[in-house]
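Subject: Structure handover

Hi,

Here is the structure for you to open. My notes on charged and aromatic side-chain contacts follow below it.

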Amino acid sequence: MKLSALIPTTGEFDLIVRHARLADELGFESINCSHISARDSFTTLAALAAAAPRVQLGTAVAPIYHRSPASMAQTAATLDDLSGGRFRLGLGTGHRVTMSSWHGQQIGKPLEEMREYVSVIRALLAGEMAPNGSRWSSTFAFAGFTPRRDVPIYLAGLTAGMIRLAGEIADGIVLWACPASYVRDVVVPEVHAARRAAGKDPLAFDIVAAVPASATDDIGPAEAGIRAELHRYFGLPFYRAMFLTAGYGGDVAAYDTATGDHARQLAAISDGFVCDLCAIGDAGSMTKALDRFRSAGATNVMITNIRGTDFSATMRGAAGG
């Protein structure tokens, strides 16, 4: 089974390089970078391509509203070329508040706009005329350089609609903050149904589940760290809807009741939710947690760093080294 790592793009760059090299040495399937308010994910991965010469490289994920489809296709093709065909493009819609305040862009109809965006990118990579959509279109064409036409495209998905769209038009899906139970009960059935409806093999699709992880004998700091990170997601509509569907409506209600009291909101994120989502503890506990996601249907488990913990130790623990 595949094991990947989400490499933080914060902190000293030397540490980012060490994490990438370690993942490469341990035989991880891929290293991925989020596109957050830190280092640019594409530029970071371009630098890491030489430092980690074997591992696959991916964005997990880049929002579609901060680059035109032509710019995204050009960036993806360039990174894929300089890495020797090791790049995959992870795309997401982002959130309305960040797309508006950071980039001055408005999310209109996410499903329709994502479908159009991907169709334009695929056409440009294939050297074909891009279709005209209601929001996205392009007459761009590569000149003097022929990109790999089948650069893999993964979509971030939380809601059933985006999960089905990923199954229909993408090569994989990237899940963040999705408990193992949600992967089993919602993601896998929706993906398989969409693949069959599109005449595609349900098993020829990568389900990447991000799992916050920490190899530690002292679970308290790691649990506090993941609650601090999850706090903001409990305030975002797409994630709240997913948490409700996953059966954690009680956590959401307790979080809302505690509005204005940060400590109580952190406490509202239950031990059950943390256990269902994370892999925290000694090597045996981590392996058991990661295997729970694999049993739920994840084909690629992507460990993520928990604030205040040793990610190098976690990568070694996850790889059994």
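A salt bridge here is a side-chain nitrogen of Lys or Arg within 4 Å of a carboxyl oxygen of Asp or Glu. By that rule, the structure holds 15 salt bridges.

Some ground rules. This is a predicted model, where local features need pLDDT of at least 70, side-chain atom pairs count only at pLDDT 80 or more, and totals for chains, interfaces and linings use all residues. Residues are numbered from 1 along each chain as its sequence is written, and side-chain values use heavy atoms, with hydrogens and water left out.

Salt bridges

D206 and K2 pair at 3.1 Å, N to O. D206 sits in strand β8 (residues 206–215) and K2 in strand β1 (residues 2–6), 204 residues apart. (Helices, H or I of at least four residues, and strands, E of at least two, are DSSP runs numbered from the N terminus.) D206 is buried at 4% relative accessible area, while K2 is partly exposed at 32%. The cut-offs: buried is under 20% relative accessible area, exposed is over 50%, and partly exposed is in between (1.4 Å probe, protein chains only).

D271 and R227 meet at 2.7 Å, N to O. D271 is in helix α12 (residues 271–277) and R227 in helix α8, so this bridge ties together parts 44 residues apart in sequence. D271 is exposed, at 56%. R227 is buried, at 13%.

R149 and E128 form a bridge at 3.2 Å, N to O. Both residues lie in the loop between α5 (110–125) and β6 (153–156), 21 residues apart in sequence. R149 counts as exposed at 51%; E128 is partly exposed at 44%.

There is also a salt-bridge network, which links D80, R148 and D150.

Aromatic pairs

Rings of Phe, Tyr and Trp (its six-membered ring) pair if their centres lie within 6.5 Å; planes under 30 degrees apart are stacked, over 60 edge-to-face, and the rest tilted. The whole structure gives 13 aromatic pairs. F142 and F145 have ring centres 5.8 Å apart and planes at 80 degrees, so they are edge-to-face. F145 is partly exposed, at 28%.

F234 and Y255 are tilted, at 5.5 Å centre to centre and 35 degrees between planes. F234 is in the loop between α8 (219–230) and α9 (237–245), and Y255 is in helix α10 (residues 249–257), 21 residues away. F234 is buried at 0%, and Y255 is buried at 8%.

Both rings belong to a cluster linked by ring pairs: W176, Y233, F234, Y239, F243, Y248, Y255 and F273.

Best wishes
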